[in-house]
Amino acid sequence: MQVRVVDYRAADAAEQFTRSLHETGFGVLVNHPLPQELVEKIYADWLAYFNGSEKHELAFSKETQDGYFSTEISETAKGHTQKDIKEYFHIYPWGRIPASLKDDAMRYYRIANDLAAELLSWVEKHTPAEIAKNYREPLSNMIKDSRLTLLRVLRYPPLTGNEPAGSLRAAAHGDINLLTILPAANEPGLQVQGKDGEWVDVPGDFGMLIINIGDMLQEASQGYYPSTQHRVVNPTGEGAKKSRVSLPLFLHPREDVVLSDRYTAHTYLEERLRELGVKA
Ligand SMILES: O=C(O)CCC(=O)C(=O)O
Ligand SMILES: [Fe+2]
């Protein structure tokens, strides 16, 4: 299996990109409109924040899911028993965030949301008609003004050597949401699982943009766009001494969006958060 790297400015970009999403659940864009200098500034500023102790003042709330999630309470992927080796911060426009980091995060949130709306219109246009007719509203409309779209800043700390056997930076999982937009991290490690069960590296040169289908879009497209299992593996050698920072934006539909006969966005999310152990 090969995740395609597609030039966003190419004449056939939408077709190539959505084919990769259909075949693998993942697509990678180059020459995309997200400003790389903004991504790099966010990585640097948040790494300094995670290295400090101020983060504990904004510990996450089970009720609202915004704020800082420490390595101790970090999520356990569905079907796993070990916690991931990561800490992260959940940013919502209405949520808590350190004042000095807010402007850049909100600028990024806006720009990436706009791109996501365009990519969802590509996805919709390239959905076979007999499936697209079941979309209850345009896909790009589902994320418009959503209160639930979540920008997560992740920090995978350097390894100490005392990690529990078998634990990973991020154990294999599928994303819950509609679509995820993920700038390449500052360090490697992201892998996707092919249909044969093999794990392959996702192209992730610095500056590339990785997009993947989440479970909600898999549900809405009746599996035409698969939500593929992915993971972040632990580094070895020199890499083990370094932090890895990444910045996924999880595009969530408005709560009232009907995904299928079985689920609304709200009922789907509640079920998954309980399974993850981060919601009562
Ligand atoms: O850190 C990464 O590269 C991927 C993170 C991820 O898959 C997630 O948080 O859902
Ligand atoms: Fe993920």
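Helices (H or I, at least four residues) and strands (E, at least two) in these legends are DSSP runs, numbered from the N terminus. Everything shown comes from a predicted model, in which local features need pLDDT of at least 70, side-chain atom pairs count only at pLDDT 80 or more, and totals for chains, interfaces and linings use all residues. Residues are numbered from 1 along each chain as its sequence is written, while chains are lettered from A and ligands numbered from 1 in the order in which they are written.

**View 1. Confidence in the model.** The protein averages a pLDDT (the predictor's confidence in each residue, from 0 to 100) of 95, and 99% of the residues score at least 70. For the complex, the predictor gives an ipTM of 0.99 and a pTM of 0.96.

**View 2. Ile111 in helix 3.** Look for Ile111 in helix 3, which covers residues 99-125. Ile111 counts as partly exposed because it has 15 C-beta neighbours inside 10 Å; a residue is buried with 20 or more other C-beta atoms within 10 Å of its own, exposed with 12 or fewer, and partly exposed in between, with C-beta atoms placed from the backbone. Pro35 is 76 residues away along the chain, yet its C-alpha atom is 8.8 Å from that of Ile111.

**View 3. Helix 1 meets helix 3.** The axes of helix 1 (residues 13-24) and helix 3 come within 9 Å and cross at roughly 80 degrees; axes are lines fitted to C-alpha atoms, for helices over the stretch in contact, and angles run from 0 to 180 degrees between N-to-C directions. The two helices, helix 1 and helix 3, are therefore roughly perpendicular (65 to 115 degrees). From helix 1, Ala14, Phe17, Thr18 and Leu21 meet Trp122, Val123 and Lys125 of helix 3, contact being C-beta atoms, placed from the backbone, within 7 Å.

**View 4. The shell around ligand 1.** Among the residues around ligand 1 are Arg152, Asp175, His230 and Ser246, where a C-beta atom placed from the backbone must lie within 6 Å of the molecule. Strand 5 (150-156) and strand 11 (230-232) each supply at least two residues of this shell.

**View 5. Two loop residues with positive phi.** Most residues other than glycine have a negative phi. Gln65, in the loop between helix 2 (36-51) and strand 3 (67-69), has a positive phi near 70 degrees. With 17 C-beta neighbours inside 10 Å, Gln65 counts as partly exposed. Asp145 sits in the loop between helix 5 (139-142) and strand 5, and its phi is positive too, at about 55 degrees. Asp145 is exposed, with 8 other C-beta atoms within 10 Å.

Technical notes. Angles under 35 degrees count as roughly parallel, over 145 as roughly antiparallel, 65 to 115 as roughly perpendicular and the rest as oblique. Two residues are in contact if their C-beta atoms, placed from the backbone, lie within 7 Å.
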